[in-house]
Amino acid sequence: ALVKGRNCFIHGMPGTGKDAIVHAFSSLTRKPVLMVTFRPGTDLAPWFYMRSYTAGETGWRYGALWNALTEGVIGTDGKPRAPLILLSDVDRADSAQAEWFRILTDSISGRILGPDGRMVPIFPGTQFVCTANSCGTGDSRGRMTSANPIDASIMDRLGRAIEFTYLHWDDEVQVLREKFPLLVEKAPDVFTQLQGCCEALRKAIKNEEIYGEFTHRGICDVLAEAQDRLEITGKNDKLLQAGFLAWL
């Protein structure tokens, strides 16, 4: 979907790479990305436009997001390129931000409403990717307290819906081995032991027996603690047990 320039709505638990895949895609393809993160209370108006007063006259000052949407992003060769707009944590938008969100989703159809009431065309090829921890209905489990339901008319415009889940262990352990080479060298059994811990914890969390999330970031905290202890003490006994204290 990304390669074909489609608009996407990516949802899933924290630490599953929802935003990261967009940054990786940008790096691989050199496609410019503008990221808008919805944090309750943040004023998004400056990203679009604000009133200005210059030389005794009032007007509008346009922000980086508006300029990218309508004019593209200028490359080092001086030519404009179509941007990819990453709208991160869209289910955390408060009521004021939701109105800007609606303007953005309207722009998915190829135009955006300006401050003076004119409809301005979007730069051809502009792509939108929205990410969220919930699938638009809010979080009934209560672990994502700032997740709000998303208006159904907005959801209908967000393009392809894709659920991100945790990596299969065979894939995740390869990433972990690259991040913690000292453990691979001196305490390789840690990774074998960790697999059972990880699968059991995530199953318990999914069944709501444990309140929390054990994401890839959480695993890295555990292994970082274990590797630090190994590096400082030189002892490799009960490393995983000690490492888990950093998460527990």
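1. Where does Asp89 lie? In this predicted model, you will find Asp89 in the loop that links strand 7 (84-88) to helix 4 (95-107).

2. Staying with that residue: is Asp89 buried or exposed? With a relative accessible area of 16%, Asp89 counts as buried, because the cut-off for buried is under 20%. Leaving aside residues up to four places away in sequence, Asp89 touches Thr37, Phe38, Thr131 and Asn133.

3. Now to helix 8, which has 18 residues. From its first C-alpha to its last, helix 8 reaches 26 Å, close to the 26 Å expected at 1.5 Å a residue. After helix 8 comes Glu208, with a positive phi near 60°.

4. Have a look at how helix 8 (residues 189-206) meets helix 9 (residues 216-233): their axes come within 12 Å and cross at roughly 140°. That angle makes helix 8 oblique to helix 9, because only angles over 145 degrees count as roughly antiparallel. The crossing of the two helices is right-handed.

5. Which residues make the contact? Helix 8 brings Val190, Phe191, Leu194, Cys198 and Arg202, while helix 9 brings His216, Ile219 and Leu223. By type, the residues of this contact are six nonpolar, one polar and one charged.

6. Lastly, the buried residues of helix 8 are Val190, Phe191, Leu194, Cys198, Leu201, Arg202, Ala204 and Ile205. Among the elements covering them are helix 6 (169-179), helix 7 (181-186), helix 9 and helix 10 (239-244).

Key:
Residues are numbered from 1 along each chain as its sequence is written. This is a predicted model: local features need pLDDT of at least 70, side-chain atom pairs count only at pLDDT 80 or more; totals for chains, interfaces and linings use all residues. Side-chain values use heavy atoms; hydrogens and water are left out. Axes are lines fitted to C-alpha atoms, for helices over the stretch in contact, and angles run from 0 to 180 degrees between N-to-C directions. Helices (H or I, at least four residues) and strands (E, at least two) are DSSP runs, numbered from the N terminus. Angles under 35 degrees count as roughly parallel, over 145 as roughly antiparallel, 65 to 115 as roughly perpendicular and the rest as oblique. A crossing is left-handed if the near helix is turned anticlockwise from the far one by less than a right angle, and right-handed if clockwise. Contact means heavy atoms within 4.5 Å. Ala, Val, Leu, Ile, Met, Phe, Trp, Tyr, Cys and Pro count as nonpolar, Asp, Glu, Lys and Arg as charged, and the others, Gly among them, as polar. The expected span of a helix is 1.5 Å times one less than its number of residues. Buried means under 20% relative accessible area, exposed over 50%, partly exposed in between (1.4 Å probe, protein chains only).
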